Amino acid sequence: MDYARSDGRSGALAIKILIAGGFGVGKTTMVSAVSEIQPLSTEELLSDRGVRVDDTSGVETKTTTTVALDFGRITLREGLWIYLFGTPGQDRFWFMWDELAIGALGAVVLADTRRLGDAFPAVDFFEQRRIPYMVAVNLFDGARRHDPVVIRRALAVPEHVPLVPCDARERESVKEVLLTLVRHAREMSRVGA
Amino acid sequence: MAADEDPEPGPLVRMFAVTGGRARPVGEAFDVIAVVTTIGMPYDPAGLSPEHLAALRVATRPTTVADIGTRLRLPLNITRVLLSDLRREGLVSIDPPAATAGVLNERIYQEVLNGLRAL
């Protein structure tokens with residue numbers, strides 16, 4: 001099957017990076033800051049429910065059958081792209097994370113110091129699946145600047161996982177975050193190899 | 001079809017009509033950033049929907065599933081159903097993302113780092 005081939009017939013390569021974190025932490029803002037396209041929020045159908053046309057008559061009221069999925073794109077060169085996917089913030093969409101996480105280079109867990117607890121599920125998720133991840137602490141206006149050591153301890157993030165401050169609105173800041181993640185993922189692949 | 005009986009079907013009902021009511025792609029699963037490339041044109045275009053044909057046109061240059069969905073203004077799951085049809089017909093190839101394909105090697109990491117720095 002096509003899927004099993006180790007090199008793309010087209011020679012084109014796409015790389016996936018996930019932007020995770022609690023609801024309203026700034027995931028879409030972060031994607032917008034570096035994406036060359038407006039982050040697209042597509043209404044996704046939940047494929048695991050086996051929804052059929054006959055079942056969708058009340059679709060407007062059945063909000064559980066759709067989920068918004070944001071993504072942006074960075075073209076590094078012809079045929080080499082990075083896709084940034086903002087993971088759904090609501091807990092009931094965890095199964096979508098599973099699918100998105102397959103084949104991802106790594107993940108950024110975006111954290112807000114005012115609601116650090118919201119970042120727990122994402123940290124847990126990537127730890128358990130051994131997906132390279134880092135924590136980016138979004139410094140909103142007026143957000144108190146916390147000691148990174150304290151944040152690391154509060155989130156129970158291991159020492160080798162990068163934890164950096166960022167401004168999700170600033171392109172340069174987000175670029176720095178992505179560079180940190182890619183370096184970390186490369187490091188992990190060397191260790192794991 | 002049920003969707004046709006509703007004078008004002010919701011957008012998702014209309015989209016399911018595009019896939020003939022199917023919510024799952026046929027054949028082996030593929031990623032939202034798998035790269036799709038058109039490798040043939042149908043002998044009988046009448047057998048394909050306008051959306052199928054639009055997808056074939058977009059993928060004449062290698063394009064990801066996510067971008068095809070964007071161009072067709074369709075949700076990714078619907079897009080995947082259409083693309084799985086085209087794969088079954090032998091009209092497109094669908095290549096996995098770099099990481100899944102195991103080609104995320106030193107060279108690619110370095111190229112990604114250089115590319116990001118140059119943005």
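**Figure 1. The second largest pocket of the predicted model and the residues that line it.** Ala, Val, Leu, Ile, Met, Phe, Trp, Tyr, Cys and Pro count as nonpolar, Asp, Glu, Lys and Arg count as charged, and the others, Gly among them, count as polar. With these groups in mind, the lining of the second largest pocket divides into 14 nonpolar, 4 polar and 2 charged residues. The structure shown here and in the following views is a predicted model, and in it the second largest pocket holds about 380 Å³ of space. The lining is made of 20 residues, of which Arg130(A), Ile131(A), Pro132(A), Met188(A) and Ser189(A) are the closest to the centre of the pocket. Strand S5 (104-112), helix H3 (120-128) and helix H5 (171-192) of chain A are the elements that give two or more residues to this lining, and H5(A) gives the most, with 6 residues.

Figure 2. Rolling a probe the size of a water molecule over the atoms shows where empty space is left. When the whole structure is searched, 1 cavity of 30 Å³ or more is found, and the volume of the largest cavity is about 40 Å³. The lining of the largest cavity consists of Gly22(A), Val25(A), Leu110(A), Ala111(A), Asp112(A), Arg115(A), Leu116(A), Asp118(A) and Ala119(A). Sorted by kind, these lining residues are 5 nonpolar, 1 polar and 3 charged.

Figure 3. The side chain of Lys175(A) reaches the backbone oxygen of Leu119(B) at a distance of 2.8 Å. When residues up to four places away in sequence are not counted, Lys175(A) touches Val34(A), Leu116(B), Arg117(B) and Leu119(B).

**Figure 4. Thr180(A) and its surroundings in chain A.** If its neighbours within four places in sequence are left aside, Thr180(A) is in contact with Met134(A) and Pro162(A). Thr180(A) and Val108(A) are 72 residues apart in sequence, while in space they are 9.7 Å apart, taken from C-alpha to C-alpha.

Figure 5. Asp31(B) is found in the loop between helix H2 (11-18) and strand S1 (35-38) of chain B.

**Figure 6. Two residues with a positive phi, one in each chain.** Ala156(A) is not a glycine, and yet its phi is positive, at about 55 degrees. This residue lies in the loop between helix H4 (148-155) and strand S7 (163-166) of chain A, and because its relative accessibility is 58%, Ala156(A) counts as exposed. In chain B, Arg73(B) is also a residue other than glycine, and its phi has a positive value near 55 degrees. Arg73(B) is placed in the loop between helix H4 (65-72) and helix H5 (76-88) of chain B, and with a relative accessible area of 73% this arginine is exposed.

**Figure 7. The two chains from which the views are taken.** Chain A contains 5 helices and 7 strands, which follow one another from the N terminus as β-α-β-β-β-α-β-α-β-α-β-α. Of the 193 residues in chain A, 54% are buried, and the accessible surface of this chain comes to about 9,000 Å², with 51% of that area belonging to carbon and sulfur atoms. Chain B contains 6 helices and 3 strands, in the order α-α-β-α-β-α-α-β-α from the N terminus. Chain B has 119 residues, 57% of which count as buried, and its accessible surface is about 5,300 Å², of which 53% belongs to carbon and sulfur atoms.

Methods: Residues are numbered from 1 along each chain as its sequence is written. Chains are lettered from A and ligands numbered from 1 in the order in which they are written. This is a predicted model: local features need pLDDT of at least 70, side-chain atom pairs count only at pLDDT 80 or more; totals for chains, interfaces and linings use all residues. Side-chain values use heavy atoms; hydrogens and water are left out. Helices (H or I, at least four residues) and strands (E, at least two) are DSSP runs, numbered from the N terminus. Buried means under 20% relative accessible area, exposed over 50%, partly exposed in between (1.4 Å probe, protein chains only). Accessible areas come from the Shrake-Rupley method with a 1.4 Å probe; for residues, only the protein chains shown count as cover. On a 1 Å grid over the protein atoms alone, a cavity is a set of points where a 1.4 Å probe fits but cannot get out, and a pocket is an open set with protein on both sides within 12 Å along at least five of seven lines; lining residues have an atom within 4 Å of a point. Grid points are joined across faces, edges and corners, and a volume is the space filled by probe spheres set on the points. A polar contact is a pair of N or O atoms within 3.5 Å; within protein, one must be able to donate a hydrogen and the other to accept it, and residues adjacent in sequence count only if both atoms are side-chain atoms. Contact means heavy atoms within 4.5 Å.
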